[in-house]
Amino acid sequence: MNKKTKSFGSLLLAVMLTLSVLAGCSKSNNAEPSAASSTSPSASPSETVAANASEGASAEASGLEGKVVFWSMWSNTEPQAKVIDEAVADFKSANPKVEVEVKYNGRDINKLIKPALESGEQIDIFEQDPGAALANLKDHVLKLDELLDQQSIGTDGKSVKDSIIPSLIEWVKSLSAQAGLEEGYYAIPQQPYAVLFFYNKALFNKAGITGVPTSWEEFLAACEKLKQAGIEPITFDDAYRSLFIGGYLGSAMGSDWTDSLVKDKTGDMWKDPMVLQFANDIQNLKQKDYFSKKIAGNKYPAGQQYLALGNAAMYLNGTWLPNEIAETAGPDFQWGSFQFPTVPNGNDKGGQQGLTFGAQGLLMNKNSKNIPAAFELVKFLVSKKAQEGMATQAVAIPATVDTKWPAPLEEAAVAFNNAKLNMPWGAGIENGADFSSGTVIPVFMELATGKINAEQYVAKMAAAAKKFYSGK
Amino acid sequence: MRLSKSIIALFLLPAVLIYLAIFLYPTLRTLAMSFYDIPSLSSKINEWEFKGIQNYSDLIHNSYFIESVRNVLGIWAIGGVLIFVFAFLFAIILTSDVRGKNFWRSLIFLPNTVSAVVLSVVWLQYIFNSDYGLLTTVFNRLGLTALANIQWTDNEHIYFSMIIAFSFGSIGYFMLILNAGINRIPSDYYEAATLDGASVWVKFFKITLPLLRDVFRTTLVLWTITAFNFFVWSATFGLDDPHTVTPGFYMYQKVFGKGTSVYSEEVFNVGAGASVGILITVAILIVTALINRLFPKDRLEY
C-alpha cells in the first residue's frame, strides 16, 4: 500500500488523539482555576475608592485580620460569581488586613462539603441549600442568632435579620427544629426560588388572555384561548415531569397527602376520588391538545428552549428559569408567572397557601477560627448592593427587603405573598424514592401522552404501589 | 542466572502491594459495606448499621432495580450484536486492500476520543430532537413525515435510541482490536485458499473466524465488562427513567443521589449501592467464566 496514505492516516489519527487529549485538558483547566481561584480579582483603584465611599466602610470593622475561606456553590463562570467577587472586593477595601479565599465549587459543593468539613479543612463560610445543610451538617453549623443583630450594610440601620425577607428568614428558623438543632437561625437565605408557571406574556396577549388563571377552570379557559390562537399551551421537560403531578395533587390536597400517597403500601390511596379527578383532568389536557406533543420526548432543556423560542406558552419551573434561558429568549421576552391554579374538590390543605419555595443559604462553620471577620464578609455578601447585583446580573430574587426584583420575576412576588406553607419539591411526589422514579413518573407520562386512560391509570397505580411495597 | 525465591519475592513485592492496596482492599471494603445501612459516603464506621443480607433482598424485590437489570442485559445482547457485526465488517473491509484504510480506521475510531457526555448531548439535542434534530430534518426533506414525527426520546423509543447512540461510539474500539487480530493471521492461508478458489465468505468463516477465536473471546470479555458497567449514557439519556436505568446508574443514585432535583428528599444508602456493585462484579465473573468455557483456549493462535 502506498506510504503517503499511511502517513496521512497516522498523522490524522495523531491529530485527533491530541485534540481529544487537549479537549480533556482544557476541561480540567477550566475546573482548576475555579477550584484554586484563591483570591478574587481586586477591584480597580477607582472602584475601590468609590466602594469605600459609598459603603462608608465602618471604622471598627477595619481592625479585623486573619484569613477567611468561603466555599461558594456557584462556578466562576456564572453571573453570581461576578457579584460575589464584587462584594469580596468591597469587603477587602474596607478590611485590608483580612485575606479572603473564595473557592467556586459549582454544585459539586453538595458532594464535597461534608468530607471537607469533617476533615477539618478551613472553611469559614459556605453556601448550601439550608434544609439539606441542617440535616446533613448539623454538627458543623454555627448558630447565627447574635450575629444577625449586627447592623447590616446599606439598608439604613436595619439589623441583618431585619434586612432579609421575613418569610424566608422565619422559614430557615423553622428548619432548625426539624433537624434536631436548638431552635435558631443557622443560615442566611439567599437566592430565594419558587416553583411557578412561567408564561410568555406576548403569547397570552395575542390569545386575548387578560389575567393570570388562578383556578383550574380559568386555566383551562386560558389553554383554550391559546389553542384557538394557534399556540401550544403547555410544555415541560423530562427533568421536571414530577412538578406537574405534584403541582396538581399538592394544590388539591397539600404535600403531606401527596407524600403519604407515594409511600402508601396498600395502594388503596390511589383509588381516592382525587386521583381519578387528577387523571381525568390530565386526560382532558391531552385530548384537547393543551399539552405540546413534544412532552413525550422532551429531553431537558429541549422543552424550555421551545418556550424561549415562543412555540409554547407555559412551562412549570423554578424561578431560575428566566436566567437559565435568557440567551435564547433574548432581552425582549416578556416573562410572567403564576402559581399552580387552585384545583376544585380539594381538602383545603393545598391551594395558593402552599408553595414549593426555598432558598440557598449562607452558613458558617461552628469551628471557624475567625468568626468576626467571616461574619463581616457575610454581611457584605447579603448587603443591599450585593443583592441588587444578584437581581440585575443573575436575574435572581434579592433576599433583602425593599430591593427591586428583576423584571422577569416581578409577578412571582404574588406567590411569595400568598405562601404560608412550604411544600417540598414536586409537593412530595418524588419522596417515594425508587417508586417515584420507577412508577409514578413513567405511568403519568403514559397518561399524559394518551397511552392509557384515567381509569386505567388509577388501576395501574394502585396495583403497582401494592406490588412495589409488597417486598418490603 | 538463577534467582533465589526471596529475590523474586522482593521484586514482586511492590506490584503485589499496589495491587492489594488499590484493588483488593476496595473490593473487600465494598463487600463489607454491602451488609450495612450507611447514610452517607463519608459516614464513619460507627454510624454504619448492620443489616445482614437486607440490602440484597431489598434489591431483588425492587421492581425498579429488576427493570435496570433487564435493561442492562438487553444492552449487552442487542448492543453486543450491533457492535460486533459492524466491528467485524469494518475490520475485514479494512484488512482488505481498500484505499485510504488508515483514514477510515481513524474515522471509525474517532467517536472514542470524544467524551461520552458530549456524544450523548449531541445525540439527544442534535440528532434525536423532534424540532430541529438531524433525523427529523432528514426525514422531512425526504417527505417521510411518519418517520419524521417519531419522537426518538419518548418512552417507547428511548431505550433503543440509547443503544444505537452508544453502539455507534463503541464500534471503533472493538474494530481496532479485531483488526489487529486479523492482521496477525499469516497471509499464506488466504493465498492458499484463494488459489483453491475459496470465496470471501468461505475465507471469513473457515480461516478468519476460527483463528480469531482467542481475540474474539477477549473482546467479548471486554464488552461484557463495559456493558455491565453501563453508566454514563443511562444517566444522560434517561435521568432516572426506568426505561434506561442500569444497575451501574442505580448504584450511583444510591451512593451520590440523583442530583436531578437537589431539593427533593432523598434516601441515601451507600450500603445498597455497594451491594449493587458486588452484584455487578459477581455477574461479570460468572459471564466471563461462561465465555471462557464456551471458547476454550485454542492450540492455534496468532
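1. Contact between the domains of chain A. In this predicted model, seven residues of domain 1 of chain A are in contact with seven residues of domain 2 of chain A. Contact requires C-beta atoms, placed from the backbone, within 7 Å. On the domain 1 side, the touching residues are seven nonpolar, no polar and no charged. Here Ala, Val, Leu, Ile, Met, Phe, Trp, Tyr, Cys and Pro count as nonpolar; Asp, Glu, Lys and Arg are charged; the others, Gly among them, are polar.

2. Domain bounds. Domain 1 of chain A covers 25–193 + 358–409, and domain 2 covers 195–354 + 427–470. These bounds come from an automatic or database domain assignment. The domain centres, taken over C-alpha atoms, are separated by 34 Å.

3. Conventions. Residues are numbered from 1 along each chain as its sequence is written, while chains are lettered from A and ligands numbered from 1 in the order in which they are written. As the model is predicted, local features need pLDDT of at least 70 and side-chain atom pairs count only at pLDDT 80 or more, whereas totals for chains, interfaces and linings use all residues.

4. The largest core. The largest nonpolar core has 143 residues. Such a core is a set of buried Ala, Val, Leu, Ile, Met, Phe, Trp, Tyr and Cys residues joined through C-beta atoms within 7 Å. Buried means 20 or more other C-beta atoms within 10 Å of the residue's own; 12 or fewer is exposed, and in between is partly exposed, with C-beta atoms placed from the backbone. Val68(A), Ile125(A), Ala194(A), Leu377(A), Val378(A) and Leu381(A) have the most contacts inside this core. Strand β4 (residues 187–200) of chain A gives the most to this core, nine residues. Both domain 1 and domain 2 of chain A supply at least three residues each to this core.

5. Ala194(A). Leaving out residues up to four places away in sequence, Ala194(A) touches Thr319(A), Leu355(A), Thr356(A), Phe357(A), Ala412(A), Ala415(A) and Phe416(A).

6. Strand β6 of chain A. Six of the seven residues of β6 (residues 312–318) are buried. Helices (H or I, at least four residues) and strands (E, at least two) are DSSP runs, numbered from the N terminus. β6(A) pairs with β4(A) in the antiparallel sense over five bridges; pairing needs at least two DSSP bridges. Leu196(A) stands opposite Asn317(A). With β5 (residues 232–235) of chain A, β6(A) pairs in the parallel sense over three bridges. There, Thr235(A) has Tyr315(A) as its bridge partner.

7. Helix α19 of chain A. Twelve of the 15 residues of α19(A) are buried. They include Phe435(A), Val440(A), Ile441(A), Phe444(A) and Leu447(A). The buried residues pack against α10, α11, α12 and α20 of chain A together with α3 of chain B. Gly450(A) follows α19(A) and has a positive phi, near 80 degrees.

8. Leu64(A). This residue lies in the loop between α2 (45–55) and β1 (66–72) of chain A. Why does Leu64(A) count as buried? Because 20 other C-beta atoms lie within 10 Å of Leu64(A). The C-alpha atoms of Leu64(A) and Val98(A) are separated by 6.4 Å, at 34 residues apart along the chain.

9. Chain B. This chain has 14 helices and two strands. Buried residues make up 33% of its 302 residues.

Methods:
Two residues are in contact if their C-beta atoms, placed from the backbone, lie within 7 Å.
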